[in-house]
Amino acid sequence: MHLHAENQLIERDGIKIHCKIFQGDPLSSLLLCICLIPPTQQLNRLNTGYEEHITKTKISHLLYMDDLKLIAKSEEELRNQIQTVKTFSDHIHMDFGLEKCAKFTFKKGKLIHSQNLKIDINREIQELEQGKAYKYLGIEECEGIQHQQMKERFYRNTEGD
């Protein structure tokens, strides 16, 4: 293991883990957040995504725990972002949950149909079907946000509280 610190390279043996941290353990969330700092930095270095007009900050991804949403201005940018995430995932032996992934393309605010996005020879990210939605952080996203439907679902799910 190599650690770059204050203009020097520190070499250490690998970290030996003697016990597991179970999902739901408070330490589990903290460790996951710490582990996801490097891919966030790598995605930021790509200088892709959309620029927020007031602060001029580029937004290329949204990350909350293990949910990642990539935002790109072109298919090429998206491929670069996916390759960055894939490379990082491969290095730490983390699987891409492709069955949960979807891709959609907007041009001038309109949803357009485009091709599935190939990751490698055997795997691809499916284009979101017309009229379908996918969930990110529990909120369905599609061509437009169905505000009334989301409110009804929210109230239905919280009635017992």
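Accessible areas come from the Shrake-Rupley method with a 1.4 Å probe, and for residues only the protein chains shown count as cover. The model is predicted, so local features need pLDDT of at least 70 and side-chain atom pairs count only at pLDDT 80 or more, while totals for chains, interfaces and linings use all residues. Residues are numbered from 1 along each chain as its sequence is written, and side-chain values use heavy atoms, with hydrogens and water left out.

Switch to a cartoon. The protein chain has four helices and 12 strands; helices (H or I, at least four residues) and strands (E, at least two) are DSSP runs, numbered from the N terminus. Of its 161 residues, 20% count as buried, where buried means under 20% relative accessible area, exposed over 50% and partly exposed in between (1.4 Å probe, protein chains only).

Next, select Ile21, Leu27, Leu30, Leu31, Ile34 and Ile37. Together they form a nonpolar surface patch with about 490 Å² of accessible area. Leu31 is found in H1 and is partly exposed, at 34% relative accessible area.

Now go inside. Select Leu43, Leu78, Ile82, Val85, Phe96, Leu98, Leu117, Ile119 and Ile125, the nine residues of the largest nonpolar core. Helix H3 (residues 75–91) supplies the largest share of this core, three residues. A nonpolar core is a set of buried Ala, Val, Leu, Ile, Met, Phe, Trp, Tyr and Cys residues joined through side-chain atoms within 4.5 Å. Centre on Leu78: leaving aside neighbours within four places in sequence, Leu78 is in contact (heavy atoms within 4.5 Å) with Leu70, Ala72, Lys103 and Leu117.

Move to strands S5 (residues 61–64) and S6 (residues 67–70), which pair in the antiparallel sense over four bridges; pairing requires at least two bridges found by DSSP. Tyr64 has Asp67 in S6 as its bridge partner. The hairpin has two residues between the strands, and Met65 takes a positive phi near 55° there.

Last, the loops. Asn47, between helix H2 (37–45) and strand S3 (50–51), has a positive phi near 55°. Lys56, between S3 and strand S4 (58–59), has a positive phi near 65°.

How values were computed. Patches are made of residues with over 30% relative accessible area and no salt bridge: like charges are joined within 9 Å, nonpolar side chains (Val, Leu, Ile, Met, Phe, Trp, Tyr) within 5 Å. A salt bridge is a side-chain nitrogen of Lys or Arg within 4 Å of a carboxyl oxygen of Asp or Glu.
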